[in-house]
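Dear colleague,

Please find below the structure that I am handing over to you. My findings follow directly after it.

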Amino acid sequence: MGAMEGDKFCTRCGAMLPDGAAFCPDCGANIDGSAPAGHGYGEGYGYQPAPRVPWFMVLVILYGVLATIGGLMAGCTYAAMDEAYYNDMIQMMSDMTGMDYSTLLPAWSDSMHILMTVSMFAIGASGIAAIASYVLFKRGDVQKSIILCGAASVLTLVVCAVSPFEGIAMFVIGAVITYMLYSARDTLV
């Protein structure tokens with residue numbers, strides 16, 4: 001059946017429109033050319049794909065996973081550390097920075113509680129980051145996710161006491177993700 005004079009066609013997909021239609025039955029576009037109403041299936045309105053997850057939301061999950069791995073690795077490293085490894089670490093840090101860390105850091109016998117405290121902060125920060133990703137994706141609570149990501153970022157600064165590069169890197173990554181979530185908070189609700 002050919003097109004007749006007066007037939008209307010969708011400006012989005014080109015499908016023929018029935019008389020009095022407000023939406024295209026094939027693609028769901030509004031006849032007036034505005035954005036389609038809603039998402040999903042609608043009676044006679046065609047299919048609209050679900051909105052895509054923003055790429056930074058995937059970063060929140062990745063941050064939670066990587067922070068968890070990093071926190072557990074730090075905890076295991078500090079728990080397994082012996083005096084010789086500790087002294088080697090101090091020497092390596094001194095060589096890299098040109099500062100004498102043996103005068104800045106406590107002796108091995110005094111450092112174990114510090115190392116374990118730092119590892120607990122790292123593991124705590126990683127757990128909070130993982131909870132932030134859960135809260136965002138499963139519960140949809142953007143505000144709590146922002147707060148949790150920020151808290152995890154701040155906790156990673158404690159790691160700087162033992163490993164400045166890792167602590168600062170973890171803080172910067174967490175702060176960037178927190179800022180991205182905060183900037184997009186209105187679109188994620």
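A pocket is defined here on a 1 Å grid over the protein atoms alone, as an open set of points where a 1.4 Å probe fits, with protein on both sides within 12 Å along at least five of seven lines; a lining residue has an atom within 4 Å of a point. The model is a predicted one, in which local features need pLDDT of at least 70 and side-chain atom pairs count only at pLDDT 80 or more, while totals for chains, interfaces and linings use all residues. Residues are numbered from 1 along each chain as its sequence is written, and side-chain values use heavy atoms, with hydrogens and water left out.

The largest pocket is lined by 29 residues, and those nearest its centre are Tyr78, Ser163, Phe165, Glu166 and Met170. Two or more lining residues come from each of helix H1 (55-80), helix H2 (83-97) and helix H6 (164-183); helices are DSSP runs of H or I with at least four residues, strands are runs of E with at least two, and both are numbered from the N terminus. H1 contributes the most, with 11 residues. The volume of the largest pocket is about 770 Å³, taken as the space filled by probe spheres set on the points, which are joined across faces, edges and corners. By residue class, the lining comprises 22 nonpolar, 5 polar and 2 charged residues, where Ala, Val, Leu, Ile, Met, Phe, Trp, Tyr, Cys and Pro count as nonpolar, Asp, Glu, Lys and Arg as charged, and the others, Gly among them, as polar.

I also examined H2. Its buried residues are Tyr86, Met89, Ile90, Met93 and Ser94 (buried means under 20% relative accessible area, exposed over 50%, partly exposed in between, with a 1.4 Å probe and protein chains only). Viewed down the axis of H2, these buried residues fall within an arc of 135°, so they line one face of the helix; the arc is that of the directions from the helix axis to the C-beta atoms. The face turned away from the buried side of H2 carries the exposed residues Asp88, Asp95 and Met96. Glu83 also belongs to H2 and is partly exposed, at a relative accessible area of 45%. After H2 comes Gly98, with a positive phi near 80°.

As for the whole protein, there are 7 helices and 4 strands, arranged along the sequence as β-β-β-β-α-α-α-α-α-α-α. Of its 189 residues, 32% are buried.

With kind regards
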